[in-house]
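Below is a set of questions and answers for a reader who is meeting this model for the first time. Please look at the sequence and the structure before reading on.

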Amino acid sequence: MNEKLDNILASEPELVPSSGFLGSVMERVVEEAAAPPPIPFPWKRAIPGMIVAAGVFGWGGFEFVRYAIHDAPLVSLHKMPVPAHIPSQVDQVLWAAVACAVSLASWLLARRLAGRSGLI
Amino acid sequence: MDALAQSAADSAKVDAADLDAADVARVLAGDVRAFEGIVRRWQGPLINMAWRYCRDRGRAEELAQEAFLRAWRGLAGWRRDGRFSTWLFALATNVYRSDLKRFPTVHVPIEDVDEPAGPASQHSALAERSREESVRRAVLALAERYREPLVLFYFHEMDVSAAARTMRLPEGTVKARLGRGRALLRRRFPHLEETATEISNLNKRKEA
């Protein structure tokens, strides 16, 4: 039985490549060869920004956890409707200002990197 | 005579391997046109291999073209400790496999593949071809783990180790999957025994 199966499966008709196949492959290869090399990611310039971003997020996370731990005992079912600790408006403004400053800094950094690489 | 033929085939393989190595070196040195030699030598095998994966001529050429492009991009990744053809076939297999996963051919469960017709309609060459094609199409209906060893085993002229190298699998695994794949086909085509006998008789009659 295997012999019969072998006969059928081994006797596939041979396809001959179409006349334009070679030309078409070479055309694409030459196109790719002529294309400028991909722009490498600017790691040297990006690393400081990444470190700053990681620091900001890490610090934010740390503050969040510290805040949660600090306030956890104050939260109880009886006190739920009225939060025990409401940050003052000055605090809120400060946080908003910090967030805006970080956004602005990251936007400026991105513009600077893109400007140097000639993208804009 | 067989020994002579074998020796000639081996010699041709060695020549092709030398030519491949020389062309790769030229391409890596910046001569893009040297890649043409590689395409010229391997276009037939790569298209035929792709055909066995999808049984669609147009798609087979597209897949082979994609495989050549990937080969061109990754030419520096060929380590010269193995044959260039082994590297190229393994790369092409990956291209075909991933492309067919993204855009599968028509998936027909093996139970739904038409069984070869009975002896009554076995008098024309067309009917024979149709029966053989049913069996070949049934291979495509197998699960990938059984389909690929079968496709590559017959593509490599029933050389298990070549199929295993192309799939980067141990030979034992390939043999086991081949056995299982064939068993599934046997179960689907119980009349193949008679059919094959009659095909061989008909071929003899034609030759006479």
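**Two chains and their packing**

Ile8(A) is buried, with 23 other C-beta atoms within 10 Å, where buried means that 20 or more other C-beta atoms lie within 10 Å of a residue's own, exposed that 12 or fewer do, and partly exposed anything in between, with C-beta atoms placed from the backbone. This is a predicted model, in which local features need pLDDT of at least 70 and side-chain atom pairs count only at pLDDT 80 or more, while totals for chains, interfaces and linings use all residues. Residues are numbered from 1 along each chain as its sequence is written, and chains are lettered from A and ligands numbered from 1 in the order in which they are written.

Q: Which residues is Ile8(A) in contact with, leaving aside its neighbours within four places in sequence?
A: Ile8(A) is found in helix α1 of chain A, where a helix is a DSSP run of H or I with at least four residues, a strand is a run of E with at least two, and both are numbered from the N terminus. Two residues are in contact if their C-beta atoms, placed from the backbone, lie within 7 Å. With its neighbours within four places left out, Ile8(A) is in contact with Glu132(B), Val135(B) and Arg136(B).

Q: Which element gives the most to the side of chain A that touches chain B?
A: The contact draws 23 residues from chain A and 31 residues from chain B. On the side of chain A that touches chain B, α1 (2–10) and α2 (21–34) of chain A each supply at least two residues. With nine residues, the element that gives the most is α2(A).

Q: How many nonpolar, polar and charged residues does the side of chain A that touches chain B have?
A: Ala, Val, Leu, Ile, Met, Phe, Trp, Tyr, Cys and Pro count as nonpolar, Asp, Glu, Lys and Arg as charged, and the others, Gly among them, as polar. By these classes, the side of chain A that touches chain B has 14 nonpolar, four polar and five charged residues.

Q: What percentage of the residues of chain B count as buried?
A: Chain A has four helices and zero strands, and of its 120 residues 5% count as buried. Chain B has nine helices and zero strands. Of the 208 residues of chain B, the share that counts as buried is 32%.

Q: At what angle do α4(B) and α7(B) pack, and what is their crossing called, right-handed or left-handed?
A: Helix α4 (residues 84–102) and helix α7 (residues 160–167) of chain B pack at about 60 degrees with their axes 8 Å apart, the axes being lines fitted to C-alpha atoms over the stretch in contact and the angles running from 0 to 180 degrees between N-to-C directions. The two helices are therefore oblique to each other, since angles under 35 degrees count as roughly parallel, over 145 as roughly antiparallel, 65 to 115 as roughly perpendicular and the rest as oblique. A crossing is left-handed if the near helix is turned anticlockwise from the far one by less than a right angle, and right-handed if clockwise. The angle is about 60 degrees, and the crossing of α4(B) and α7(B) is right-handed.

Q: Which helices do the buried residues of α7(B) pack against?
A: The buried residues of α7(B) are Ala163(B), Ala164(B), Arg165(B), Thr166(B) and Met167(B). They pack against α4, α6 (144–155) and α8 (171–188) of chain B.
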